[in-house]
Amino acid sequence: ICFHLQGNQRNTHIGLYDLRTKQNEHLYTFEKDLHIISCSVNNERTLLAVSFCQYTEEERASQLLQSVSKYLTLLIEIHPINNVRVLKAVDSCVRVQFLYPVEGRNASTESRLLLVSEDKYIEQFDIHVAEEEHKVVIQKTGQLPRAKVVDDLVWAQWDMMEQRLFYIVPKESKSTLRCVQFYPDENFNSILESHLDIAVNDTQLKLVNFGYDYCQHQDVASKSLNLQVFTSKAGGLCVCCSLTSDIPHEIMYSIYFLHKGYSKTFTVSLERTESHQLKEVAFMNLDYYVAAYLPGQFLHLLNIQHPDLLCYSLFLTGEDARIDALQNCSIRSPRVSTVLDCEAGSLYAVSISDSALLQFLQKSKRDCERLAALHCVLLYFQHTEDLEMQIIRWISENLSTCHSFDPIQEFIIASLYCRMCPETQNLDKLLPYTSLHDWVGVVPGVISATDIISLPVLEFQNSKGFWEKLNSNLESVKYAEPHLHYHNNVLRREWRSLSEEREERRTTAYLRNIFENAKKYVLVYIIFTLSYFAQARLVPLFEEEDYQQQLLMGLMVAQLKDHLMRHLQYVGKKKIDQIVLDYVANLLNLVHRIMKEVWRRYQLHSCVFCFDERGTAGEFAVFHIMSRILEAANGMCMPLPPGFHTLHLGLGVRCLPLHTLLHYIDNGVLQLTETCVRKLLK
């Protein structure tokens, strides 16, 4: 990060801050007080580009300097400090930005520099250097080669990490967002175009991530668009825009989820605020989330990958929304998880705190807050044993307080999604990430409106990384993305149909194949992993055969294989077999994990089949939780670990009165198993 500061002797110093070493390096000194507009150093740190204002309008009027250009742009050799070359001497403000090759590339004899003019054009200079007598000097003495990158733009944003230039040009009643990608060994090309329904003021150019001009900021901000483009590692592309509202004490902003094909406009009513305190919303890029932040009012964490349901976005107010270090709106997010406080000149690393999020989850009273926090914890953070233990404990304490969703279902589905998706590309589009199909609740204080927008057009060849992932996301939207996710409707119908068939029809070739799936591909692996996972066998699960569970496991394996084969043929049958095996095994492990933590919490032991005494309060609590696990499993049509029903019935015998026990058995809540019947008879 190139920066400048004024010294005690009216000098202006230009330095470089290294994000990795967190050290400042001095680059150059002007022996006078200058108003620096922009500065940038090349990758080899041999060239420095600087643009500055030579005088103010008052100085120009008083000194009759009409023939002298107001702004000067210089190119300086700094290895060592040597020649100075004038690139621009104009009356319009200019920003400079060197391009950087890929990391790890050897030192180059060529540097490329972008010049961004407030006259609404951007051009690129090619600068060739040579080493002469231990000096790095510019080779050409005449004009440097240049190329026009873009014309007639009204807004531009530089992506320093990925060497991308986003810009907006006005087009009739709408605006067109485009992106130019710069390559290390080639030139540049336009790679994206998207039409946005955003009204722009074409009289004032707004620049993002091209440096911060303290003197012009207030004037420009009042006339230009507050807009930022954010990208994510998973191929998400969002345009965040602050809107004007005619209603006092009301804030409006829109998020265009270009990778999903729709936008959401949010209206927030503010309370207890003075009109002079109302400022623009600041946006921050947290990769998986985009944050809309109004200091002293709210912090809105918007889920980029799953923005369809509002309940997966976290809206915080009061002390929960307070970020102590960021109390003004002059902040920018120049890169992922980084915020620049423009007024204070401070750079901060920003991330979601897992401990703070868990505390918020534990104290939340609204379902929308609980669901958003739970979803964030499960999908955003790396799963550790301690984190899972805290989540399971919260779930066991709040089974009866969550009314619009089942926390057990959400824990299992979201955890499976988090564990499985990183293994294979595009698997995130095929596996379910939530147990909910829709959300009818509201988020207090927020009104949301959704609009369908046209998908962006991509033009690239053999591009990897972000553009490949974005293109994959767009293809999913074109082919009706919600229908790509695995759903249990067909599984439920077939399981019920096969479960009700007569015994003599259970010997068909199809059913034999189903049971082979359960035994050959799942059961042996499950017993091994459960034995390893349980270690001391804290939970007394019996390794028994359960016809209904084997049937359900086999059906799930068969249908999940068919689903993945339709969309992931290129990974091969062997890989898909392994994905399905891991999915079902992890599912059963998660259920076992819940039971293990609950068993440990209530300090139970293996004597649940001693029927000569009544169950303890702890056993009754565990019986209740197992009943909720069974209810969650039936709701999702998912199998349970071998021995679950035997253990559940054993606890029921100890905890329930006889008539209640028989009633539970008659209604299918408790299922008689051969193991338990034998123990009862003994």
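In this predicted model, helix H13 meets helix H15 through Thr646, Leu649, Gly650 and Val653 on the H13 side and Thr675, Cys676 and Leu680 on the H15 side. These contact residues divide into 4 nonpolar, 3 polar and no charged.

**The H13 and H15 crossing**
- H13 covers residues 644–655 and H15 covers residues 674–681; their axes come within 8 Å and cross at roughly 35°.
- The crossing of H13 past H15 is right-handed.

**Helix H7**
- With 13 residues (466–478) at 1.5 Å a residue, H7 should span 18 Å, and its end C-alpha atoms are 19 Å apart, which agrees.
- Phe466, Trp467, Leu470, Ser472, Asn473, Leu474 and Ser476 are the buried residues of H7.
- Those buried residues pack against several strands, including S14 (164–171), S15 (174–182), S16 (188–196) and S18.

**The open sheet**
- Here 5 strands line up in the order S18-S19-S20-S21-S29, with antiparallel pairing.
- At the edges sit S18 (227–231) and S29 (446–452), each of which pairs on one side only.
- On average, neighbouring strands of this sheet are turned by 20° against each other, direction ignored.
- Within the sheet, S20 (residues 250–257) and S21 (residues 262–269) run antiparallel and are joined by 8 bridges.
- Glu250 has Ser269 in S21 as its bridge partner.
- S18 links two topics: this edge strand of the sheet is also among the strands that the buried residues of H7 pack against.

Notes. Residues are numbered from 1 along each chain as its sequence is written. This is a predicted model: local features need pLDDT of at least 70, side-chain atom pairs count only at pLDDT 80 or more; totals for chains, interfaces and linings use all residues. Side-chain values use heavy atoms; hydrogens and water are left out. Two strands pair if DSSP finds at least two bridges between them. Helices (H or I, at least four residues) and strands (E, at least two) are DSSP runs, numbered from the N terminus. Axes are lines fitted to C-alpha atoms, for helices over the stretch in contact, and angles run from 0 to 180 degrees between N-to-C directions. A crossing is left-handed if the near helix is turned anticlockwise from the far one by less than a right angle, and right-handed if clockwise. Contact means heavy atoms within 4.5 Å. Ala, Val, Leu, Ile, Met, Phe, Trp, Tyr, Cys and Pro count as nonpolar, Asp, Glu, Lys and Arg as charged, and the others, Gly among them, as polar. The expected span of a helix is 1.5 Å times one less than its number of residues. Buried means under 20% relative accessible area, exposed over 50%, partly exposed in between (1.4 Å probe, protein chains only).
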